[in-house]
2 protein chains.
Amino acid sequence: MPADPSPLPPPGSTPGQTAWDRTLRSPWRGLLEGQPVGIVGLGLIGGSLGLDLQAAGLEVRALVHREATAERARQRGLASRVATDPAVLAGCGLVVLALPLDRLLDPDPALLQALPPAAVLTDVGSVKQPVLSRWQALLERNGRAGQAGLFVAGHPMAGTALAGVEAGVAGLFRGRPWVATPDARTEPGALALVRALAGAVEARWLTCDAADHDRTVAWISHLPVLVGAALLQAADRGSGAAGLGDLARALASSGFADTTRVGGGNPELGLLMARCNREALLACLDGYQEAIGSLQELVRNERWQELAGALLEAQRLRPGFLSPPPLPPGDPPPPQG
Amino acid sequence: MPADPSPLPPPGSTPGQTAWDRTLRSPWRGLLEGQPVGIVGLGLIGGSLGLDLQAAGLEVRALVHREATAERARQRGLASRVATDPAVLAGCGLVVLALPLDRLLDPDPALLQALPPAAVLTDVGSVKQPVLSRWQALLERNGRAGQAGLFVAGHPMAGTALAGVEAGVAGLFRGRPWVATPDARTEPGALALVRALAGAVEARWLTCDAADHDRTVAWISHLPVLVGAALLQAADRGSGAAGLGDLARALASSGFADTTRVGGGNPELGLLMARCNREALLACLDGYQEAIGSLQELVRNERWQELAGALLEAQRLRPGFLSPPPLPPGDPPPPQG
């Protein structure tokens, strides 16, 4: 690692504060070069990361669970080396744990043993507080207390409807947020390295408190899954009970498709989000039911002016949630591999 | 109108039955040619229709409310003739009432007077029972009892986020359902002409009972508006109350954007849907709240296996609502204008 990884990333964030990195595409190359990047798991996130990092000229070594996956990953060129033996991670200066939340929270002991003791570790899970606590504890309990500060909890917010070794695509992270949730133990150099990783794939770097992250994604990412799933169930049952199931399917158009996209997505992912962020999600469900109940009361009581006001409020709110602010104009172009 | 508009369209549908037209692109030209098509209103639907009908070689005459709109519509070439004087509709064999629901249900008396007495009339409103009853009564009360059977309630199910004279685009209806809700009074020749209209813009023709239509679109079109609007309101209030409003906006990604697209759409449209389809929508809201409440109970009680089952059910249900069946292979190519 070079001696001067400037400009330095922001220190661990204060709860409630959002810090967009305004020098996103800062010199990541100096931090990442010279040592291979390890990726554990080559699903949508891991595979996409492998493609982009290699395109940026970095060496990528990947660990997967099954030999068939390894074979397919090699065919797809998702990493320079792919193996089912954790020893493949030897020599990596940074290891990205791109595992599903359940396997991330309960990792294979052989994986833990094989992690290079000086490597910076990061994950890509959609819930951060449980991951951060769990991994700091795991590392301490396994005689790696010194590595606990090298664990950077992270969450690249990018996705498609696909999963598995076929899902990885180039450019998945470009312009998307990559959130890290450092705490007081996180070493600045480790955070800088993960920030360099995000920069290499042209993601938008952002840091915040882990608990803030989890409460926030409950609203904008986990709640929409249940909102959409309930719509699919209710529309199926309601139209079916009236003998209108076929007509409902014939008439459903892009509005229904969009509203239910994440609700009809990967059930394992939705389940893990709910399990790992249960308390925050329950609070969101309370707030949501209050909101939909209020709208129903307006319809029931024919309070049309108030309903118009509520729909206008919704229309005005949405653009704020749509896209992150544009990158600052002075940003240098991304480095080419 | 030619003597033999074969193959004849299906007769008025039986409630609960869905009849996809399997000869969609049947010879529409013979029915539509020789007389101009009138369009009242050149918003998204009217303007798009004007573009497509002219592209198919038909003459289109349009009536709009304001001179500024007429001027812009002429610049955009939305119709062959555009005027604010209802007399522009003279000579039209088919008039499409492409008005917002409120103006459709309470039309300008001057419009009513100017409609050619022998013209087939159709509308494009998203609720059908009130429109059908209202127009049959209006025509009767205005000494046009004979024309009541020429009124065909219709609903082309296509849309974008845009509205107004700038919104119309070519190809909006291609492959999308165009539903008609004939009843016992609807004359088969009138229905055939509207079916020809749908065929000319390459829509997918479908007939069903008006009440069935309204109950069905409440599930797949009107409920999603309130579901998405409530999500926007709840996410804004909930994250704001926790001081996480900025972070929520920074982290919201395509999943949130999609789930809220129709909920954050045109508020006037949402309000009119709710007003004109209130009873059906209230029933849907009951069913929906039951569904989301059940999911919340599963999360609250950590009944993870049942939650997994519910999310899997949602995933399995969604494809059925996504796209209409492909056109039959024997279909002739659409006529070129």
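Biologist: What makes the pair B:Asp258 and A:Arg261 a salt bridge?

Modeller: A salt bridge requires a side-chain nitrogen of Lys or Arg within 4 Å of a carboxyl oxygen of Asp or Glu. The closest N and O atoms of B:Asp258 and A:Arg261 are 2.5 Å apart, so the pair meets that rule. The rule finds six salt bridges across the interface of chain B and chain A. This is a predicted model, in which local features need pLDDT of at least 70 and side-chain atom pairs count only at pLDDT 80 or more, while totals for chains, interfaces and linings use all residues. Residues are numbered from 1 along each chain as its sequence is written, chains are lettered from A and ligands numbered from 1 in the order in which they are written, and side-chain values use heavy atoms, with hydrogens and water left out.

Biologist: How many residues does each chain bring to the contact?

Modeller: With contact taken as heavy atoms within 4.5 Å, chain B and chain A each bring 91 residues.

Biologist: What area do chain B and chain A bury between them?

Modeller: The value is about 8,700 Å², with 68% of it on carbon and sulfur atoms; buried area is the accessible area (1.4 Å probe) that two parts lose on being put together, summed over both.

Biologist: Why are the buried residues of α3(B) said to line one face of the helix?

Modeller: B:Thr69, B:Ala70 and B:Ala73 are buried in α3 (residues 67-76) of chain B, buried being under 20% relative accessible area and exposed over 50% (1.4 Å probe, protein chains only). Seen down the axis, the buried residues fall within an arc of 100 degrees, so they line one face. On the other side of α3(B), B:Ala68 and B:Gln75 are exposed.

Notes
Helices (H or I, at least four residues) and strands (E, at least two) are DSSP runs, numbered from the N terminus. The arc is that of the directions from the helix axis to the C-beta atoms.
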